[in-house]
Amino acid sequence: MEKKLEPLPIDRDRLIAMLERMILIRRMEERLGEEFKAGNLPGGVHLYIGEEGIAVGVCAHLTDSDWIASTHRGHGHFLAKGGDPNAMVAEIYGKKTGICRGMGGSMHVADVSKGILGANGIVGAGISITTGAALAAQLDGKGGVAVCFFGDGAAAQGVLMEAINVASLWKLPLLLVCENNGYSEYTPSAQVTAGVIAERAKPYGVPGVIVDGNDVIEVWKAADTAIRRARRGEGPTLIEARTYRMRGHLEAESAFLQGGSYRSQQEIDQWKERDPIDRFAERLKAEGVIDAEALQHIDRRVREQVQAAVDFAQASELPDNAQVFECMFAGQRP
Ligand SMILES: Cc1ncc(C[n+]2csc(CCOP(=O)(O)OP(=O)(O)O)c2C)c(N)n1
Ligand SMILES: [Mg+2]
């Protein structure tokens with residue numbers, strides 16, 4: 001018997017906005033992959049393609065006064081939280097108009113005015129940063145929350161246990177979102193991850209839930225429960241979102257692999273069938289929320305936005321040499 005769909009818990013406009021944001025992340029990342037391949041970017045990029053439902057399903061609950069911290073795979077989180085695409089792409093190009101004045105690059109896209117504490121090249125670092133942000137939000141007393149996105153590899157860092165411990169004791173408004181894509185660089189999780197990540201919360205009296213990270217509605221629902229709980233002052237939640245990265249660990253990973261491989265084409269193809277954007281778009285079509293024409297409009301709008309961001313970045317200037325110490329010291333320069 002066909003499984004009956006539950007009614008969607010989100011209103012039509014917000015559903016369409018979520019789909020559009022996921023498509024923006026996807027098209028932007030595809031383009032960044034092309035720009036990297038063409039040799040136009042000064043550094044490498046770790047693409048989020050295939051994991052868009054997690055950032056969008058969680059960030060749909062957040063405002064500019066809530067905090068997020070992200071990973072080395074951070075463009076999707078930045079865009080999902082409402083970061084400016086032009087300033088993000090300019091940053092990735094290392095240009096003066098970048099969100100960090102071109103001094104940070106892909107792994108440091110951040111915008112404190114939007115509550116984006118930044119991507120981060122140090123695996124697991126966002127966990128302690130957001131624990132601090134959650135304490136600050138608690139002290140502010142305005143109902144703000146902090147969300148950390150981190151990988152399954154990061155889940156093996158000791159800092160996760162320290163954060164869960166203190167966040168549980170102090171009932172911090174913290175949401176820990178583990179994006180379990182099955183790999184840390186080229187190592188399958190099974191070789192480095194004992195047990196079930198979500199269950200690492202239980203001994204600390206913290207809820208730990210597993211969701212299908214390729215189902216944006218499921219992510220949205222779990223985040224809804226966790227964020228409401230955090231805003232009520234009841235403490236943290238750990239969400240383990242099971243997903244898959246459709247691209248390599250980083251673009252041009254084949255240069256690192258030197259002919260070796262760590263996953264099969266069959267595995268990649270199986271996950272392609274569970275593409276979070278296709279699934280969400282099909283669901284919205286089935287529910288009569290959008291039709292093929294509306295989808296085409298979204299796609300066109302997004303492509304224009306991506307092109308405008310790349311044009312903006314390419315037309316922008318590189319930073320001056322004199323800028324080298326800017327953004328490095330909070331106070332007086334040594
Ligand atoms: C502290 C630290 N250790 C190791 C690395 C090298 N490194 C970069 S990404 C990565 C894998 C991270 O895997 P995961 O957390 O699952 O994130 P994913 O890349 O799968 O999104 C590693 C080990 C690093 N950047 N920082
Ligand atoms: Mg991983």
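Predicted model: local features only at pLDDT ≥ 70, side-chain atom pairs only at ≥ 80, totals over all residues.
Let us begin with the strands. Helices (H or I, at least four residues) and strands (E, at least two) are DSSP runs, numbered from the N terminus. Two strands pair if DSSP finds at least two bridges between them. Strand 2, residues 146–151, pairs with strand 3 in the parallel sense over six bridges. Within this pairing, alanine 146 has leucine 174 of strand 3 as its bridge partner. Strand 2 also runs parallel to strand 1 (residues 67–69), joined to it by three bridges. Here isoleucine 68 stands opposite valine 147 of strand 2.

How well covered are these strands? A residue is called buried under 20% relative accessible area, exposed over 50%, and partly exposed in between (1.4 Å probe, protein chains only). Seven of the seven residues of strand 3 (residues 174–180) are buried, so the rest of the structure largely encloses this strand. In a regular strand the side chains alternate between the two faces of the sheet. Strand 3 is covered on both: Leu174, Leu176, Cys178 and Asn180 are buried on one side, and Leu175, Val177 and Glu179 on the other. Strand 2 is largely enclosed too, because five of its six residues are buried.

A helix joins the picture next. Isoleucine 127 belongs to helix 5, residues 125–140, and counts as buried because its relative accessibility is 0%. Isoleucine 127 and leucine 174 are 47 residues apart in sequence, and their C-alpha atoms are 9.7 Å apart in space.

Now look for the magnesium ion (ligand 2). Asp152 (OD), Asn181 (OD1) and Tyr183 (O) coordinate this ion at 2.1 Å. Donors are N, O and S atoms within 2.8 Å of the metal (3.2 Å for Na, K and Ca); water is not among the atoms, so sites may look incomplete. Along the chain, the donors follow the spacing D-x28-N-x1-Y. Asparagine 181 and tyrosine 183 are both buried.

Ligand 1 is our next stop. It is surrounded by 15 residues, the closest being His72, Arg73, Gly121, Gly153 and Asn181; a residue is near a molecule if one of its heavy atoms lies within 4 Å of it. A polar side-chain atom of histidine 72 is 2.7 Å from an oxygen atom of ligand 1, and one of arginine 73 is 2.8 Å from an oxygen atom of the ligand. For aspartate 152, an N or O atom of the side chain is 3.0 Å from an oxygen atom of ligand 1.

Finally, visit a loop. Glutamate 185 sits between strand 4 (183–184) and strand 5 (187–188). Most residues other than glycine have a negative phi. Glutamate 185, however, has a positive phi, near 50°. This residue is partly exposed, because its relative accessible area is 45%.

Technical notes: Residues numbered from 1 in each chain as written. Chains lettered and ligands numbered in written order. Heavy atoms only, no water. Polar contact = N/O pair within 3.5 Å; in protein donor to acceptor, adjacent residues only side chain to side chain.
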